Amino acid sequence: MNRFKDKTVLVTGAASGIGLAAARRFLDEGACVVMLDIDEAGLNKAAADLPRDRVLVQVGDTASKETATAAVKAAVDRFGGLHVLVNNAGVATEGDIMQTSEDDFAHVMAVNVTGYFHMAKAAMPELVKTRGSIVMTSSVSGLGGDWNTFAYNTSKGAVSNMVRAMALDAGKDGVRVNAVNPSFTKTGMTEDMLKDPELVAKFKERMPLGAPEDPEGVAAVMAFLASDDARLVTGVNLPVDAGVTASNGQPPM
Ligand SMILES: NC(=O)c1ccc[n+]([C@@H]2O[C@H](COP(=O)([O-])OP(=O)(O)OC[C@H]3O[C@@H](n4cnc5c(N)ncnc54)[C@H](O)[C@@H]3O)[C@@H](O)[C@H]2O)c1
């Protein structure tokens, strides 16, 4: 498939995990890709074997408005426009409300919510010109309450509704806004969880298609949502979760 030939895609959190898989997927489908991440070394390593003529590396903190403005400008200067924003960079902390420090809460909200806001706001004028779309990485943790991840769960709930709110307002400009909502996926964020066989077994039990998910499987759904194949889809939070949310949280019989 070559659904993104002559299109430019800006992916945040592109140095690792789901963001890197997304960058690769959009490149495979013909796009020019701006890869944005705060981790300069990781970003350069990730981009090393990717086609230089269609990749632009941008280092920055998505929680800053300046990063968002600069990344969108860089996309337009280098590739002539912007068709897709993948709002994906994210951070997580563990703990209930009493275990969550003000600093940790502020940081998670700054990256996962304010960062998505800055990026989407900076991208909108360009997306209106191209009648483009936004795909945000929310989470199954953004579809309902979740245990022991107070700050992260709060932030992903906000992302899920940011998608709905933006989709309603942006539809008149022909801009679509959707989310993928993954469950336990093999990435940098879950490195420690993956080392815990009991935890992995618990997830496996609750995910009919098995766990953990591969980031490429999430990226494939992102590409679908960003493509013309999904031209009638907007405001959707799409579980990409190997079936985990199908059961209302009930463990297997
Ligand atoms: N891994 C999972 O199980 C899972 C499940 C559901 C949702 N998600 C979501 O997927 C998204 C991607 O995470 P991942 O699992 O690929 O983790 P990851 O840690 O592999 O990748 C996240 C990337 O975001 C970058 N990043 C973090 N803060 C940043 C900032 N302020 N500015 C720019 N870049 C920043 C990191 O450097 C990293 O490269 C996140 O939004 C996460 O919440 C992950």
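A polar contact is a pair of N or O atoms within 3.5 Å; within protein, one of the two must be able to donate a hydrogen and the other to accept it, and residues adjacent in sequence count only if both atoms are side-chain atoms. The structure here is a predicted model, so local features need pLDDT of at least 70 and side-chain atom pairs count only at pLDDT 80 or more, while totals for chains, interfaces and linings use all residues. Residues are numbered from 1 along each chain as its sequence is written, and side-chain values use heavy atoms, with hydrogens and water left out.

Let's start with E126. The side chain of E126 makes a polar contact with the side chain of K129, at 3.0 Å. E126 sits in helix α4, residues 102-130 (helices are DSSP runs of H or I with at least four residues, strands are runs of E with at least two, and both are numbered from the N terminus). With a relative accessible area of 14%, E126 is buried (buried means under 20%, exposed over 50%, partly exposed in between, using a 1.4 Å probe and protein chains only). Leaving aside neighbours within four places in sequence, E126 is in contact with V72, V76 and L82, where contact means heavy atoms within 4.5 Å.

Next come the aromatic rings. Rings of Phe, Tyr and Trp (its six-membered ring) pair if their centres lie within 6.5 Å; planes under 30 degrees apart count as stacked, over 60 as edge-to-face and the rest as tilted. The count by this rule is three aromatic pairs. One of them, F4 with F26, is edge-to-face, with 4.8 Å centre to centre and 75° between the planes. This pair links distant parts of the chain, 22 residues apart: F4 is in the segment before β1 (8-12), and F26 is in helix α1 (residues 17-28). F4 is buried at 1% relative accessible area, and F26 is buried too, at 0%.

F184 and F203 form a tilted pair, 4.5 Å centre to centre with 35° between the planes. F184 lies in the loop between β6 (176-182) and α6 (191-194) and F203 in helix α7 (residues 197-206), so the pair ties together parts that are 19 residues apart in sequence. F184 is buried, with a relative accessible area of 3%, whereas F203 is partly exposed at 23%.
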